[in-house]
Amino acid sequence: MAEAQTPVAGAATSGDPVIELVDAGKTYRSGSLEFEALRGIDLRIEAGDYVAVVGPSGSGKSTIMNILGCLDVLSRGRYRLGGQDVEDLDEVELARIRNRRIGFVFQQFNLLPSLSALHNVELPMVYAGVARPERVRRAREALERVGLGERLRNRPGELSGGQQQRVAVARAIVTEPTIVLADEPTGNLDSVATRDILTLFDELHDAGRTIVLITHEADVAAHAERTIQVRDGRVLEADAADPMVGRAGAR
Amino acid sequence: MTWLETLHTAWTAVHTHTMRSILTALGVLIGIAAVILTVGLGLGTQQNVTAQIDALGSNLLIVSPGSSTSTSGVRGGFGTGSTLTLADAEALQSKVNAPDVKAVAPQKSTELSLTAGQENWTTSVVGVTPSWLAVRGRSLSEGSFITAKQNADQADVVVLGTQTAEELFGTTRVVGQQVTISGQSLEVVGVLASAGSNSSSNLDDMAVVPISTAASQIIGGTNQDSVSSVYVEATSQSTLSAADQETTNLLLNLHGIATSTDADFTVSSQDSLVSTATAVYRTLTVLLTGIAALSLIVGGIGVMNIMLVSVTERTKEIGLRKALGAPPSAIRWQFLVEAAILGLSGGILGAALGIGSALALPGVIGSPIVVSAPAVAGSIAVAVAVGLVFGVYPVARAARLAPIDALRSE
């Protein structure tokens with residue numbers, strides 16, 4: 001086991017973070033109005049990290065999520081994802097990065113209602129050009145992994161909220177992405193389903209996945225190893241108890 | 001994303017909104033059916049006209065007395081003068097003066113009453129020479145035609161059309177019977193094979209007599225040599241205009257007229273009839289096809305409208321697909337194929353409706369409709385093209401959507 005974990009540990013200590021934001025700024029323009037959503041953020045997330053980004057609405061945490069997910073690009077600063085600069089990539093290249101490196105979990109689940117659970121999970125692999133038998137095999141495995149091996153053929157409308165979100169998690173991990181980005185994943189769930197999903201994230205973390213969780217709920221954030229507070233487009237303070245932050249700050 | 005998957009995704013989208021898709025395709029459907037029907041109607045009429053004119057005899061020129069371009073009061077109107085004579089017809093048979101003329105058939109005709117026993121029947125009585133049969137492309141079903149000897153002897157013989165024979169005798173087996181025209185008793189020697197009717201006359205209702213008999217005993221008149229028209233057969237289709245020239249020049253010469261604008265006769269060809277008729281029908285077809293094309297454009301706008309609704313309605317889906325890694329091209333293809341499916345189904349159903357109507361309608365409207373394979377294939381292709389062309393704008397909008405904006409929309 002110790003041997004198997006060495007590469008992850010090595011990656012962390014070699015100073016090669018999975019996500020690195022340097023003086024990241026984002027300004028939205030609407031006519032003559034300008035709104036500075038991010039005012040210079042520095043952020044490092046290592047492989048295997050489980051990070052919660054917390055802050056009130058309008059603090060810029062959604063913007064961070066969009067930037068990290070390559071759904072939006074920075075106005076200034078630098079964003080490196082898995083050692084690759086994401087600035088100046090065109091739409092097609094950004095689409096490829098979203099496809100290969102990022103798994104999204106949304107508050108609204110965002111499953112396609114006309115497709116079965118299995119087909120929903122297959123979708124990212126369709127765009128990756130994975131052959132159909134391989135796709136079905138991996139989608140089935142991912143659904144079994146989140147405990148929905150019996151509901152492959154069900155459409156989202158026939159599943160509970162918690163089950164739908166588990167399908168979404170299966171879809172997020174099926175491509176073996178570099179990071180899993182979850183935006184208020186429990187915002188639409190009751191307490192039982194919330195515990196379910198958070199337990200699932202804990203398991204994924206234990207299995208070595210890098211998870212970034214965006215939330216405004218403290219008890220949800222508590223599941224993460226590390227919490228990053230965001231307010232008014234700036235990182236307020238880091239959780240001093242977290243050893244990762246200590247290391248990142250030392251550098 | 002493979003083609004099959006793109007097709008499947010697009011089909012699912014069309015299929016989930018069955019009613020809406022059908023109504024959208026309906027616009028294209030009507031347009032395509034209209035195009036197939038109008039083109040078919042135009043083709044059918046054209047074939048009909050060509051067939052009718054072919055039935056008159058091909059490579060044919062018709063020389064009529066009088067001028068249709070009369071500018072002074074002296075000359076008679078078209079077809080009324082007696083300026084054309086048997087001598088003119090004979091002169092045209094000269095291989096030296098008119099080498100491209102194969103045969104000449106002068107004729108003298110009028111409407112007269114025929115009597116056989118108690119039966120009376122008024123029909124067109126035509127005085128002809130033996131060459132008439134070949135020049136007019138006719139044949140006999142009974143007996144024999146007028147011979148050169150009978151013509152020379154002013155023999156009292158007559159050849160009847162099938163309808164005329166039926167009206168007078170109730171049968172077409174009438175060879176040897178007697179018919180009285182203008183008090184002159186004539187023996188029936190033959191019956192013409194049926195040739196149907198063209199737009200101007202019934203080819204099966206006529207009585208054919210030797211032109212000499214007609215001139216001297218039946219029709220008479222002040223100038224027994226005058227003829228009402230001369231049919232001139234050219235040696236082939238390609239020599240028709242040469243034959244036309246030779247005929248005109250020879251007759252101008254014979255009549256001592258210097259310029260063709262002063263001619264006291266008119267030479268017209270079947271070709272000119274065909275081209276006039278064809279031109280008329282072509283104009284009509286173009287007009288109708290234009291209207292049909294307009295309805296196709298309206299159908300196309302319907303497709304565009306529905307595609308815009310479809311894109312707006314699925315903004316969130318587009319955002320999600322982009323977030324999951326769909327490049328703009330995949331989104332573009334998905335919606336383009338969807339638009340093409342709408343166009344294609346409209347096209348195929350429209351073609352089916354068009355072909356069905358083309359089979360059913362002629363019985364009702366009495367005009368033949370010819371369904372041509374190129375027209376059907378072409379209009380289905382047009383239908384798909386309509387879907388694609390009118391899909392371009394909505395599709396471009398879908399592909400341009402920013403993933404975050406699309407995801408946020410409700």
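Colleague: Let's start with Gly161(B), in the loop between strand 5 (157-160) and helix 6 (162-169) of chain B. What makes Gly161(B) buried?

Modeller: This is a predicted model, so everything here is computed from its atoms. Gly161(B) has 25 other C-beta atoms within 10 Å. The cut-off for buried is 20 or more, so Gly161(B) qualifies as buried.

Colleague: Which residues is Gly161(B) in contact with, leaving aside its neighbours within four places in sequence?

Modeller: Those are Leu192(B), Asp204(B), Asp205(B) and Met206(B). Contact here asks for C-beta atoms within 7 Å. As for Gly190(B), it sits 29 residues from Gly161(B) in sequence, and the two C-alpha atoms are 8.9 Å apart.

Colleague: Moving on to helix 6 of chain B, how do you know that its buried residues line one face?

Modeller: The buried ones are Thr162(B), Thr164(B), Ala165(B) and Leu168(B). Looking down the axis of helix 6 of chain B, they fall within an arc of 160°, so they line one face. As background, an α-helix has 3.6 residues a turn, so residues three or four places apart point the same way.

Colleague: And what follows helix 6 of chain B?

Modeller: Gly170(B) does, with a positive phi near 75°.

Colleague: Which residues other than glycine have a positive phi?

Modeller: Glu184(A) is one of them, with phi near 45°. Another is Ser182(B), with phi near 50°. Glu184(A) lies in the loop between strand 7 (179-183) and helix 7 (191-206) of chain A, while Ser182(B) lies in the loop between strand 6 (178-181) and strand 7 (184-192) of chain B.

Colleague: Why is Glu184(A) called buried, and why is Ser182(B) called partly exposed?

Modeller: Count the neighbours. Glu184(A) has 20 other C-beta atoms within 10 Å, and 20 or more is what buried requires, so Glu184(A) is buried. Ser182(B) has 16 C-beta neighbours inside 10 Å. Exposed would need 12 or fewer, so with its 16 Ser182(B) falls in between and counts as partly exposed.

Colleague: What share of chain A is buried?

Modeller: Buried residues make up 47% of its 251 residues. Chain A has nine helices and 10 strands. Of its contacts with a separation of 6 or more, 70% are between residues 24 or more positions apart.

Colleague: Back to chain B. Why are helix 11 and helix 13 of chain B called roughly antiparallel?

Modeller: Helix 11 of chain B and helix 13 (residues 373-400) of chain B pack at an angle of about 150°, with their axes 7 Å apart. Angles over 145 degrees count as roughly antiparallel, and therefore this pair gets that label. The crossing of helix 11 and helix 13 of chain B is right-handed. By class, the residues of their contact are 22 nonpolar, seven polar and one charged.

Colleague: Last one: how many residues does each chain bring to the contact between chain A and chain B?

Modeller: Chain B brings 16 residues and chain A brings 18. On the side of chain B that touches chain A, helix 1 (3-16), helix 10 (315-323), helix 11 (328-360) and helix 14 (403-408) of chain B each supply at least two residues. Helix 10 of chain B gives the most, with four residues. That side of chain B has 10 nonpolar, three polar and three charged residues.

How values were computed: Residues numbered from 1 in each chain as written. Chains lettered and ligands numbered in written order. Predicted model: local features only at pLDDT ≥ 70, side-chain atom pairs only at ≥ 80, totals over all residues. Contact = placed C-beta atoms within 7 Å. Nonpolar A, V, L, I, M, F, W, Y, C, P; charged D, E, K, R; others polar. Arc of directions from axis to C-beta. Axes fitted to C-alpha atoms, helices over the stretch in contact; angles between N-to-C directions. Parallel < 35°, antiparallel > 145°, perpendicular 65-115°, else oblique. Left-handed = near helix turned anticlockwise from the far one by under 90°.
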